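Please work through the exercises below with the sequence and the structure at hand, and try each task before reading its solution.

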Amino acid sequence: MSGVAWKIRAAMLLQIAATALAGWLGHSVFGGGLYGWLGALVLLLLLAGLISLLVERNLLGRLAALRAVLAKMYLDGDLTRRVPVAGRDEIAAVAIDFNRLMESFATIVGKVLFNSAEVSSASKRLLSEAGRVASGSRQQHDAALATAGEIAELTINMNQVSQNASETAGISEVNVHPPCSVNVNFPEIYAAAKISMS
């Protein structure tokens, strides 16, 4: 038999015993008259009230404490609240299980918070790396454009060198094979050079 059921049955048996006692008192002790039965009834009501008060304080008071903790937890979301554990009956077992459940919830929430902090940190690192990759990509793009410009300039210069080489080749061809109609008088050129030097 469970602890709460035993307490309730004991309270009922006490009330039955108190009723029997009141009947015996009303008939045997108080003489069985109207005042005797009224006195026994008053005594019965007092005993029943006392028994009910004891049961209420013991069982219902602990249930009310559990309910109050649940209501406060619902209002403020504080998972650190715990239910006081008193006795060794089902209500105490419910309080113990409830406290374990809240500890489990607090652990789960702590893990979620830790994991969310880790995810946030990892996303910041990813954003930083993405920015670094984008910066590197811009630098490579700029370097590729600069290289393309330099290659274009080099091509223009090579074309100019080629054209100059062609012109130089044409000039040297004319100088190597002078036309036959030109008469060069070296002694006259030598004498003219001497006169100009003196």
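The exercises that follow go from the overall fold to the core, the cavity and the salt bridges.

The model is a predicted one, in which local features need pLDDT of at least 70 and side-chain atom pairs count only at pLDDT 80 or more, while totals for chains, interfaces and linings use all residues. Residues are numbered from 1 along each chain as its sequence is written, and side-chain values use heavy atoms, with hydrogens and water left out.

**Exercise 1. Overall fold**

Determine how many helices and strands the protein has, and what share of its residues is buried.

Solution. Start with the secondary structure, where helices (H or I, at least four residues) and strands (E, at least two) are DSSP runs numbered from the N terminus. The count comes to four helices and zero strands, and the order from the N terminus is α-α-α-α. Next, take burial, for which buried means under 20% relative accessible area, exposed over 50%, and partly exposed in between (1.4 Å probe, protein chains only); of the 198 residues, 12% are buried. Finally, turn to contacts, meaning heavy atoms within 4.5 Å: among those with a separation of 6 or more, 54% join residues 24 or more positions apart.

**Exercise 2. The largest nonpolar core**

Identify the residues of the largest nonpolar core and the elements that give two or more residues to it.

Solution. A nonpolar core is a set of buried Ala, Val, Leu, Ile, Met, Phe, Trp, Tyr and Cys residues joined through side-chain atoms within 4.5 Å. The largest such set has seven residues, namely Leu66, Val69, Met73, Val83, Ala95, Phe98 and Met102. Helix H2 (34-76) and helix H3 (90-176) are the elements that give two or more residues to this core.

**Exercise 3. The cavity**

Work out which residues line the largest cavity, and which helix gives the most to the lining.

Solution. On a 1 Å grid over the protein atoms alone, a cavity is a set of points where a 1.4 Å probe fits but cannot get out, and lining residues have an atom within 4 Å of a point. A search of the whole structure finds one cavity of 30 Å³ or more, and about 50 Å³ of space lies in the largest cavity. The lining consists of Arg62, Leu66, Val83, Pro84, Val85, Ala86, Ile91, Ala92, Val94 and Ala95. H2 and H3 each supply at least two of the lining residues, with H3 giving the most, four residues.

**Exercise 4. Salt bridges**

Find the salt bridges in the structure, and decide for each partner whether its side is exposed or partly exposed.

Solution. A salt bridge is a side-chain nitrogen of Lys or Arg within 4 Å of a carboxyl oxygen of Asp or Glu, and the search finds three.

- Asp76 pairs with Arg81, the closest N and O atoms being 2.5 Å apart; Asp76 is partly exposed at 42% relative accessibility, as is Arg81 at 26%.
- Asp97 and Arg100 meet at 3.7 Å, N to O, and because they are three residues apart in helix H3, about one helical turn separates them. Asp97 is partly exposed at 45%, whereas Arg100 is exposed at 54%.
- Arg132 and Glu129 meet at 2.7 Å, N to O, and both lie in helix H3, three residues apart. Arg132 is exposed at 56%, whereas Glu129 is partly exposed at 37%.

Definitions and conventions: 1 Å grid on protein atoms, 1.4 Å probe; cavity = no way out; pocket = protein on both sides within 12 Å on 5 of 7 lines; lining within 4 Å. Points joined across faces, edges and corners; volume = space filled by probe spheres on them.
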